[in-house]
Amino acid sequence: MKNNKLLIISLIAVYLFLISPLIIIVLSAFNESEFLAFPPENYSLRWFYRIFESEMFISAFQNSLLLSLFGAVGSLLVGLPAAYSLSRTKSKWRQPALSLFLSPVIIPGVVLGFAVLKHIVIPLEIETWTGLAIGHVLIMLPYVIRVIVSSLSNVPIEIEEAAVSLGSTRMHAFLVVVLPNIQSGILAACLLAFITSLNDVPVTIFLTGPGVTTLPIQMLSYVEYYFDPTVSAISVLLMLLTIIIMFLIEATMGLSFFTKK
Amino acid sequence: MSNRSLTILLIPGVLVCTALLIIPLFLLLIDTIPVLKDPFHLYQEFLNKTFHQKILFRTIKVALLTTIICVILAYPCAFYIALKGKRYKSIFIVIAVFPLLLSPVVRSFAWMVIIGKNGFINDLLIWLRIIEKPIQLLYTEFAVVIGLTYLFLPLMILPLVGVMENIEEDLLDSAKSLGASSNGVFFQLILPLSSSGLLVGSILVFTGSLTAYTTPRLLGGDQAMTLSTLIYQNAMTLFDWDTASVIAIIMILTTYLVMKLIGALANRMNPDT
């Protein structure tokens, strides 16, 4: 019984450690004074107005959204056929290909960003936007492939075979039999990829260029010069967005995904 | 579908990854080994500077400390969540997943607010009259370790919960009723049965800490640099791309070695898995 109490105390301590920084951020966002005093004395929404007045955060957020949209389309175009093949094939190429697709997770982000900058963006003189899109497709692809492969493994190959033996073409069978069954998997893959792209710093920071920046990079450079609650207010908005995405992930794939690596 | 046409579907992905990732990385490696003149001189020059040695050593130290702290904090929690607090399990999992999905900039910024010069902790300590002037907590190794622990703790808790869920409570009860001490139950049942989660968690936390960029930049600054902030400084501020390439290769090698090492360690602990 004594052990149980110790366990509960450590559980509470750890969860306080996880939650309290977020609460402090929320409180500081509603703080009226110029600097991040805690606890706040007067509450106000001025820092939230400040975000929408300043062009830089809005345009950075638009860039982030556009980029993750590009990245999602790109990684789905490449990832969906690959995931289908990975879940159906017994070829000897299966394992090496899978490792290749998942490698962007293992390679340090700063290394990936630097390598793409040094050996693709600069020598080929490609535009900032294209460079960013390349980086983001690479970091989104592992999530897309992993989630869709596991979603496809729940669709028995027999129902596809049945459609084909009844005269459907392979493509048609995929579109009308398989695709509807993995809809929620595809959505979950896009959500995970979206959040990965939206939050990325290490890859993106090497690839942003004059006039093109993303929200996390803009926030990063802002807090290094100005220490005021504007970033707290943005953080609160990002928390709301993250909560929505988390519930969508729970609804499509289940959060148990995170306990089973 | 025939195996051949299935293999064809892999081609776009393989081409994209090879052209955009593997080839640039390979070229990076080639850059660091100029075969014609002394092939390893760039590495020698890099490792000979005390400044660089310090950063390399600090990066490994910080990652190791973070991993150990995460294991100590996560283990009892995961045990409780998986075996005792089943009723609230989903809530605990949601609270652990949420920070994982939240921007690392936000999570590191929170700690700037807490340990900064006019931050929460300094204000509190001054108010309690423990100190008179604010103490320097931000831009230290300590700050980086706290920030990384905060960043990666969920990555240790979640896989541990995942493996501990599968431990039958009856098994522990029967071991106890057969006379096993609680130490015995822990070391001979719980630890081996959860070692795969511990392994996954440790690899994720260690490699994550070794390569994290946002947290060392915001909480370590120029005073407590790590390899990832050093590579950025060399590439984008000093335009010393040779050194940046050397750091990149060193980071990849270190990550790879660590994964092998933890894997081998786990094998020795529990040869069955």
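Reader: What do the buried residues of H12(B) pack against?

Author: The buried residues of H12(B) pack against helix H4 (94-106) and helix H5 (109-121) of chain A, and against H1, helix H2 (41-48), helix H9 (182-211) and helix H11 (227-237) of chain B. Here helices are DSSP runs of H or I of at least four residues, strands are runs of E of at least two, and both are numbered from the N terminus. This is a predicted model, in which local features need pLDDT of at least 70, side-chain atom pairs count only at pLDDT 80 or more, and totals for chains, interfaces and linings use all residues. Residues are numbered from 1 along each chain as its sequence is written, while chains are lettered from A and ligands numbered from 1 in the order in which they are written.

Reader: How do you know that the span of helix H12 (residues 241-269) of chain B agrees with what it should be?

Author: The expected span of a helix is 1.5 Å times one less than its number of residues. The 29 residues of this helix should therefore span 42 Å, and its end C-alpha atoms are 42 Å apart, which agrees. Among the buried residues of H12(B) are B:Thr243, B:Val246, B:Ile250 and B:Thr254.

Reader: Why is B:Val105 called buried?

Author: A residue is buried if 20 or more other C-beta atoms lie within 10 Å of its own, exposed if 12 or fewer, and partly exposed in between, with C-beta atoms placed from the backbone. B:Val105 has 26 other C-beta atoms within 10 Å and is therefore buried. This residue lies in helix H5 (residues 104-115) of chain B. Of the 273 residues of chain B, 44% count as buried.

Reader: Which residues does B:Val105 touch, not counting residues up to four places away in sequence?

Author: B:Val105 touches A:Val201, A:Pro216, A:Met219, A:Leu220 and B:Thr214; two residues are in contact if their C-beta atoms, placed from the backbone, lie within 7 Å.

Reader: What makes up the side of chain B that touches chain A?

Author: The contact takes 67 residues from chain B and 72 residues from chain A. Helix H1 (residues 3-32) of chain B gives the largest share of the chain B side, 16 residues. That side divides into 54 nonpolar, 11 polar and two charged residues, where Ala, Val, Leu, Ile, Met, Phe, Trp, Tyr, Cys and Pro count as nonpolar, Asp, Glu, Lys and Arg as charged, and the others, Gly among them, as polar.

Reader: What confidence does the predictor give the complex?

Author: The complex has an ipTM of 0.92 and a pTM of 0.92. For chain B the mean pLDDT is 90, and 98% of its residues reach 70 or more, pLDDT being the predictor's confidence in each residue, from 0 to 100.
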